[in-house]
Amino acid sequence: MTSSLDAITTEQEAAKRNLWLHFTRMSTYADSDVPVIVRGSGAYVYDQHGKRYLDGLSGLFVSQVGHGRQEIAEAGARQAGELAYFPLWSYAHPKAIELAQRLADLAPGDLNRVFFTTSGSEAVESSWKLAKQYFKLIGQPDRYKVISRDIAYHGSSMGALAITGLADIKYPFEPMTPGGVRVPNTNFYRAPAFVGDDLEAFGIWAADEIERAILREGPRSVAAVYLEPVQNSGGCFPPPPGYFQRVREICDRYGVLLVSDEVICAFGRLGYYFGAERYGYQPDIITFAKGVTSGYSPLGGMLVSDALMEPFSSGTASFLHGITFAGHPVSAAMALANLDIFEKEDLLGNVRANEAGFRATLEKLLDLPIVGDIRGAGYFYGIELVKDKATRETFSDDESEWLLRGFLSPSLFDAGLPCRCDDRGDPVIQLAPPLICGQEHFDEMEQILRTVLTEAWTRM
Ligand SMILES: Cc1ncc(COP(=O)(O)O)c(C=O)c1O
């Protein structure tokens, strides 16, 4: 008979021998255990030893309604029993139809058409392919370039990677798909001095940089601009007031599509179904994934305007693109059950009512010498760590390596708060708890962060 300890040891050996973790230095686990999360309930998850963790990042910005929701699990099981699979190539199935209609009803303006994928990268990839084919169909075949922001992450497949603004994760896969063009992001904490004390002027400058990029590249060669409502990579950069309105004007002036990449920001993360609603702009395409099912099953997609669909809707035209599992019946059924919970429990209302409390609780940490900036919106926050608060001096590469990978990531996890410690821009800790959280969860996060950050500063 094997004891539970033996079973855990065998599992560890198999994890180290057979499993390849994503974006992970596998060498990290040469001398330590691979963390194994075995179950979840509400805002908490539990490891193989039964230890409890507050899910500070909703897994990976995914678990909006929290863990262990039986009604979603049952909706998936029912659908698998009835129709586990049929493709959305030439055919439809009822749950894809119902979900497309529901998403079209929730989406802003004339975004009425849903093209499903299985992930965020595929959604971004699909949207670029759509933009390219659309412009060929309407007689503007030279438009293929895409503009996005410094340090922004838009996915890991080759097209999405070309839109991504993170040099380090692109270099091993060069040459990139041609056409990716970069502009400044909206990191006001690191704004250029000439707009450094005027948020609105900074926003207009950053938006106008998009126009300058379009003119530099040649307006007739640019297909689309990709922006997240709040940029994730770099540590939650909200848009300055007026930024998106200016970007919309610029896109209209040059006939360029505006893609709102809402893989993180949709489905309540910012207190609205879509981030574009919160900031009052109308995109031509919204890409989504993650929170649409709260992770109970993989699903992504893009919501597209009537105008964009029009050239594909007559004669022999069709969008020459497809993915076997896109809009999977089980995922679609689970997405519908997920959205039912959003409505029943007014999760958007919960985020809107509590986001000021979340911010205020995190802002208590500003009394620590290592905390330079707290920024974000809704349930989506970044804490920038600095070496010198007065000058905003950041850490060297070696210091950052020790601070984030050597100390903070393992210590926060050990202290019961899995979240993200990232230095793809300047060093930040990111928090994005499930949307069911309230003040008691914010207090728990603050206390863990305070203890661990105080210790980090002492050891620096
Ligand atoms: C804004 C954005 N776009 C695209 C993606 C890629 O999504 P996925 O990992 O589901 O492929 C991500 C993932 O975090 C993202 O944050």
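In this predicted model, R424 lies over the face of Y153, at 5.6 Å from the ring centre. R52 lies over the face of Y44, and here the distance to the ring centre is 3.7 Å.

Contacts between aromatic rings were also examined. A pair of aromatic rings is described by the distance of the centres and the angle of the planes. The structure holds 22 aromatic pairs. Among them is Y243 with F244, whose ring centres are 5.3 Å apart. The planes of Y243 and F244 meet at 80 degrees, so this pair is edge-to-face. Both Y243 and F244 are buried. F312 and F319 form another of the pairs, with centres 5.9 Å apart. Their planes lie at 70 degrees, so F312 and F319 are also edge-to-face. Both F312 and F319 are buried. Ring pairs also build a cluster, which links F188, F194, F202 and W205.

Cysteines were considered next. A disulfide is a covalent bond between the sulfur atoms of two cysteines. A search of the whole structure finds zero disulfides. For C265, the closest cysteine sulfur is that of C236, 8.2 Å away. This is too far for a bond, because the cut-off is 2.5 Å. C265 is buried, with a relative accessible area of 0%. C421 is likewise in no disulfide. The nearest cysteine sulfur to that of C421 belongs to C419, at 5.0 Å. C421 has a relative accessibility of 16% and counts as buried, because the limit is under 20%.

Terms used. Residues are numbered from 1 along each chain as its sequence is written. This is a predicted model: local features need pLDDT of at least 70, side-chain atom pairs count only at pLDDT 80 or more; totals for chains, interfaces and linings use all residues. Side-chain values use heavy atoms; hydrogens and water are left out. Buried means under 20% relative accessible area, exposed over 50%, partly exposed in between (1.4 Å probe, protein chains only). Rings of Phe, Tyr and Trp (its six-membered ring) pair if their centres lie within 6.5 Å; planes under 30 degrees apart count as stacked, over 60 as edge-to-face and the rest as tilted. A charge sits over a ring if NZ of Lys or CZ of Arg is within 6 Å of the ring centre and within 35 degrees of the ring normal.
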